[in-house]
Amino acid sequence: MYIDKKSDKYSIKHYPQTITSYKRAGNFIYFFSADTQMEIKVVSDTIMRFRYALDEGFDRDFSYALAPDLKETLTHLEINDTGLTYEIYTGKIICQVNKENFKINIYDAHRNIILEDETGFHWQHYIWKGGKIVFCSKKIQEGESFYGLGDKPTEFNIRNKRFENYGADTYGYKKDTDPLYKNIPFYMGSHHNGGYGIFFDNTFRTLFDFGAETSDVASFWARGGEMNYYFIYGPQLLNVVEQYAYLTGKPELPPLWALGYHQCRWSYFPESKVLSIAHEFRKRNIPCDALYLDIDYMEGFRCFTFSKEHFPNHTKMIKTLADNGFKTVVIIDPGIKVDKEYNVYSDGIKNDVYCKRSDGSLMQGDVWPGQCVFPDYTNPKAREWWSKQFDVLVDAGVRGVWNDMNEPAVFEMNTFPEDVRHDFDGDPCSHRKAHNIYGHLMAKATFDGIRKLLMPNRPFVITRSCYSGVQKYSSVWTGDNTATWEHLWIANMQCQRLSISGISFAGSDIGGFVGEPDGELYTRWLQMAVFHPFCRTHSASNENNFDQEPWSFGHKYEFINKRYITLRYRLLPYLYSTFWQNSNEGTPMLRPLAFMDEHNKDTAHFSHQFFLGDHLMVCPVAEQGATTQPVYLPHGNWYNYWTDEMHHGHRTIIAHAPIDIIPVMVRAGAVIPKHPPMQYVGEKKIDEILLHVYAGTALTRSVWYTDAGDGYGYMLGQYRISTFDVSGDKKSLTITQQIDGLYHAPHHRFKVVLHGTGETAKEYIVDGKSHRPAARNFAAGTLKFSCPLSFNSIEIIF
């Protein structure tokens, strides 16, 4: 049991009274006592929602987080009265409700405990602000670990820690700073009986304690609103993340260019500076797909304008960039300058879309333009109005929008006062309830606007603040980090944590936003970031006018940085296929080692390692001066990406890691599709897709997904999915391909590159036709040969 001492130290705790009756209505089950109602909604065989109501009754059943097309997939449901408890069976889990006190225990089908109430649901009256503080506490199981909660800058396992969700503008944050920008009330627990998740769908200020106050108790609570949470059973943690994505929605595929390298600064101006940066990328043959314009592109920081002084020919500039393969992404903040001559401000006044204080006056606060007003994104009318403002940007050629300052941030008071009123889609409330959803709904309105305006192209949105489910609308970055080695480590933890919190399309400001990295720090950061779904360098202006482009640290580092950015472009087919898995199944793109080998206790000590997709394991170097890196190899056999040396799993190796090497391991049996080098997406026609096959004995499945890279034909079947199965022994290796989809890929052939045993190959047979390897096909232990894009099977004889 917890009392929220910070907010209401004199309030008395209250517990539910004994259950007196229950009723079932389809997949809803209601339990009643003299003071409490509990609703259990069985969403699927492995997902249940728990809601509690007191004297006021249930709130409106409404969520900004859930997928709009969410459908229940329940196959079995029964409820039995056992005397002291009610038991709800789904075939996969058993939910036991204690009649005396509403306590909940959840078991798997074999009656192994998964989640167990400690005090369970209880509450306090919120004397100072009204309403109630609602709590739920659970017993921590022996050896249990906890994960999730979005962008928290701390160790990956959050056992023995306490956190708060109330989005804040945290410039130059440090390790364990809390709260940060994002509000993701979703966590997972894992112990000897399996893994589960809890999604606490409450937009008030929420808090979580994983044994920090009481070592064997995990609690979550909110300073307002309902106790309304979902239980998600795995038992594997990746299953939990996929089911959370089923609840909160999966992203559309981004345009392929959005997975390229992006370059940003606060700020690139005037036009000549932007064009010179573009020229340097192309002159130096360093790939790049997107350049960003920060707030100085605007006229007096007014959103939806261009500076007459610095960008007088902005449309021509953007076209010039486009002609050279660059997409333009611009920043947009929520603050609209108070200026009667400014048409966006006056049109918003006319349409009554701005937030107001409790006395009916406009909410005004200082941001970059000075005094500003702020749209109420919880009002559908305001979201529709906002979505129409982007026409001036899209007409100029802008292809992406970057939402910032949307916690919301206000200079003189950090954020909105709590008395600010919001529509909340027809259920008016104070800012206490709307704060955590504000930036999320700004991202939604931005997405809706540019998605419509950019048709038939796909939109690209990035946001700093958000709530659960933002992956449906936007990518994210980790905010105003700093140029330190500690922050390189923090970025690694944050991007992994965001990925398993439902938001795979995430990255950090490479090299740090605040401060000046040296060449070693920038390069080590970039080496890690090329394996993150979102890859962008961003930095702040400073008194030394320090540059932070890939070539800014001398020839030595430029050569290495170019090599890694080029590698990202070569891996785009693999990266895009991994994004398709996230879009299709909800599988996180970055997968922590603990999630890929979760029954192995040794993995808990190697949280710095992560998987990108199914088969690439990345081991960032986050120590200054390091030339070696301990790497833990999970079950199976693994190839060193750089040397093709094979290692057996379940052990730690010391990998060679000079400044030009980040240890990367490839699963034996993997097929890694690659592109040839390119300067930007769409630069040239790609005739040949390289299939890098890593020999292995265990049956291993790989996927290559491709489509047009933009547009929505893929939603109508215009895609190609190649599923490769690889298996082998000492005598032979077999590769089979199964093809699905209607898309006719423009490529003419595959080039197969066999790693591991290529030098011993005597013969390869493609769909029954035998070939003898020519001497020129051998190189450094690999076998290379071309074959049709539509092959069914390849057998390699040793």
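Helices (H or I, at least four residues) and strands (E, at least two) are DSSP runs, numbered from the N terminus. With that in hand, I started at His 191, which lies in strand S14 (residues 186-191).

**Ground rules**

I am working on a predicted model, so I noted the limits: local features need pLDDT of at least 70, side-chain atom pairs count only at pLDDT 80 or more, and totals for chains, interfaces and linings use all residues. Residues are numbered from 1 along each chain as its sequence is written, and side-chain values use heavy atoms, with hydrogens and water left out.

**His 191**

I looked up the exposure of His 191 and got 7% relative accessibility, so it counts as buried. My scale: buried is under 20% relative accessible area, exposed is over 50%, and partly exposed is in between (1.4 Å probe, protein chains only). Then I listed what His 191 touches, not counting residues up to four places away in sequence: Ile 113, Ile 114, Gln 141, Glu 142, Glu 144 and Tyr 196. Contact here means heavy atoms within 4.5 Å.

**The whole chain**

I stepped back to the overall picture. The protein chain has 13 helices and 51 strands. Along the principal axes, the C-alpha atoms fill a box of roughly 85 × 70 × 50 Å.

I checked burial next: 65% of the 798 residues count as buried. The chain exposes about 28,500 Å², with carbon and sulfur atoms supplying 49% of it; the areas come from the Shrake-Rupley method with a 1.4 Å probe, and for residues only the protein chains shown count as cover. Of the contacts between residues at least 6 apart in sequence, 69% join residues at least 24 apart.

For charges I took Lys and Arg as positive and Asp and Glu as negative, leaving out His and the chain ends. Each charge is placed at NZ of Lys, CZ of Arg, CG of Asp or CD of Glu. The mean positions of the 83 positive and 93 negative charges come out 4 Å apart.

**Rings**

I searched the whole structure for aromatic pairs and found 71. The criteria: rings of Phe, Tyr and Trp (its six-membered ring) pair if their centres lie within 6.5 Å; planes under 30 degrees apart count as stacked, over 60 as edge-to-face and the rest as tilted.

I picked out Tyr 52 and Phe 121, a stacked pair with 4.3 Å centre to centre and 20 degrees between the planes. Tyr 52 is in strand S5 (residues 47-53) and Phe 121 in strand S10 (residues 113-125), so the pair ties together parts 69 residues apart in sequence. Both residues are buried.

My other pick was Tyr 564 and Trp 642, whose ring centres are 5.7 Å apart with planes at 70 degrees, so this one is edge-to-face. Tyr 564 sits in helix H11 (residues 555-570) and Trp 642 in the loop between strand S37 (637-640) and strand S38 (646-648), so parts 78 residues apart in sequence are tied together. Tyr 564 is buried at 1% relative accessible area, while Trp 642 is partly exposed at 25%.

I also noted a cluster linked by ring pairs; Phe 304, Tyr 345, Trp 385 and Tyr 438 are among its members.

I logged a cis peptide bond from Gly 234 to Pro 235, omega near 5 degrees. Pro 235 is in the loop between strand S18 (227-233) and helix H2 (237-248). The bond from Phe 269 to Pro 270 is cis too, with omega near 0 degrees, and Pro 270 is in the loop between strand S19 (261-263) and helix H3 (271-284).

Asn 160 is not a glycine, yet has a positive phi of about 70 degrees. I found Asn 160 in the loop between strand S12 (145-148) and strand S13 (162-165), partly exposed at 48% relative accessible area.

**Tyr 680**

Last stop: Tyr 680, in the loop between strand S41 (671-674) and strand S42 (688-694). I have Tyr 680 down as buried, at 18% relative accessibility. Leaving aside neighbours within four places in sequence, its contacts include Arg 282, Cys 288 and Tyr 569. From Tyr 680 to Asn 160 I get 45 Å, C-alpha to C-alpha, and 520 residues in sequence.
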